Amino acid sequence: MDIAKEQMPPKAGIMPKSLPQHILENLNTAVLLVDGNLTLSALNPAGEMLLETGSRQAIGQPLAHLLPRNQALLEAMHQTLVSGHPFTEHGLRLGVPVNRWITVDCTVTPVTRADGFCELILEINPIDRLLRLAREESRHDQHAASRAVIRGLAHEIKNPLGGLRGAAQLLERELPSESLKEYTRIIIHEADRLRNLVDRMVGPNTPLRKQPTNIHQVMDHVRRLIRAEVSRGIRIEHDFDPSIPEFVADAEQLIQAVLNIARNAVQALNGEGTVRFRTRIERQLTIDQKRHRLVVRAEIEDNGPGIPDELRESIFYPMVTGKPDGTGLGLSIAQDIVHQHGGMIEFTSRPQQTLFRIYLPLDAGHGAGVAVPGAVAGKIAKENGNG
Ligand SMILES: Nc1ncnc2c1ncn2[C@@H]1O[C@H](COP(=O)(O)OP(=O)(O)OP(=O)(O)O)[C@@H](O)[C@H]1O
Ligand SMILES: [Mg+2]
């Protein structure tokens, strides 16, 4: 195929104009140019970041050296040089330095130079974070649906339960002997236990009491509570960014959310290990299709065995637990609270490192956050390199 013929002619009246260099330099997409031997001849700064090397070292090297574990991609590029057909791969697993795999969208376009030689342009867009956030979004939706079911069910359980309890109380007064009252006490006790469980399943239903709050107030409170609860074998560490400004939130509720996550961390350690509390600030983050200028990132990390594989997709659902005595409500409640604050929770987990990240917009109290038109769910406006 003659590539030059495929190009669109410039529209009448519009002068063709080359793209200014600074635009290429500021693209978030990695752009690599390779020659007919698949040797790198140019790249932009996003490309340098992807290859984790400077352009001076990288230019002149075969792409097979720079991206050594991507045989299928290199073969497809060889074919493009022969056929002249561009291609796009969505969700491609790309091996990048050093020993990492990332998920990318990748487009390879052949171009013919003035001297007749063919080159290939590679546009590579990492999408791992987007995938993760889209997953979080769909979890959010499923969660909202199961919540609605639970609310309905809770109502249906609590009404007759109240009647049962009242009747048992009346009966207790009429009973002649203490030994018979033992039975009515069991009914009352079990009715109370069931009501508490149902209340916890429904989650906090009081309106948020929002006031100026400092994230360190919240994190430090939980850190102290946890420190008082744990055995000697567990170390509690913290690393707070003191410059994070106050924001409008319900501190009590946030304490509950962080506590639920921190207790899980302690329980996972089984008497030995470290729990770390960390706070950081992130700029220009999009949560639930709203772009926020400043977002708090509060992290709880442990070096326990990690979240069991079979629970990973469902740990935020109510009643999902990996513990013999767990109710499986801690994370579901934490997620509810964080969502009510316009934030989100993410986690990564492998043996020796489980990290929960709570993101809370600093501008949530003012109804701020710019809606992103047509944005991919949870798309990040600007990558901060915080992974
Ligand atoms: N840091 C962690 N490390 C390993 N597994 C975890 C961690 N956090 C959560 N999990 C897993 O996720 C499950 C769900 O947690 P969640 O807090 O929702 O419920 P639970 O702890 O089982 O019960 P509850 O919190 O209601 O007492 C846990 O049972 C556990 O298997
Ligand atoms: Mg828990």
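In this predicted model, a backbone N or O atom of Leu 331 lies 2.9 Å from an oxygen atom of ligand 1, a polar contact being a pair of N or O atoms within 3.5 Å. The protein covers 90% of the 600 Å² of accessible area that ligand 1 has on its own, with areas taken from the Shrake-Rupley method and a 1.4 Å probe. The model is predicted, so local features need pLDDT of at least 70 and side-chain atom pairs pLDDT 80 or more, while totals for chains, interfaces and linings use all residues. Residues are numbered from 1 along each chain as its sequence is written, chains are lettered from A and ligands numbered from 1 in the order in which they are written, and side-chain values use heavy atoms, without hydrogens and water.

**Ligand 1: contacts and site**

- A polar side-chain atom of Thr 321 lies 2.5 Å from an oxygen atom of ligand 1.
- A polar backbone atom of Gly 328 is 3.0 Å from an oxygen atom of the ligand.
- Ligand 1 takes the space of the second largest pocket; a pocket is an open set of points on a 1 Å grid over the protein atoms alone where a 1.4 Å probe fits, with protein on both sides within 12 Å along at least five of seven lines.

**Antiparallel strands**

- Strand S1 (residues 30-34) pairs with strand S2 (residues 40-43) in the antiparallel sense over three bridges, pairing requiring at least two DSSP bridges.
- Val 34 has Leu 40 in S2 as its bridge partner.
- The hairpin of S1 and S2 has five residues between the strands, and Leu 38 in the turn has a positive phi of about 60°.
- S1 also runs antiparallel to strand S5 (residues 118-126), joined by five bridges, and Val 31 has Glu 123 in S5 as its bridge partner.
- Nine bridges pair strand S4 (residues 100-112) with S5 in the antiparallel sense, and Val 111 stands opposite Glu 119 in S5.
- Five residues separate the strands in the hairpin of S4 and S5, where Gly 116 takes a positive phi near 90°.

Conventions: A polar contact is a pair of N or O atoms within 3.5 Å; within protein, one must be able to donate a hydrogen and the other to accept it, and residues adjacent in sequence count only if both atoms are side-chain atoms. On a 1 Å grid over the protein atoms alone, a cavity is a set of points where a 1.4 Å probe fits but cannot get out, and a pocket is an open set with protein on both sides within 12 Å along at least five of seven lines; lining residues have an atom within 4 Å of a point. A molecule sits in a cavity or pocket if more than half of its atoms lie within 2 Å of its grid points. Helices (H or I, at least four residues) and strands (E, at least two) are DSSP runs, numbered from the N terminus.
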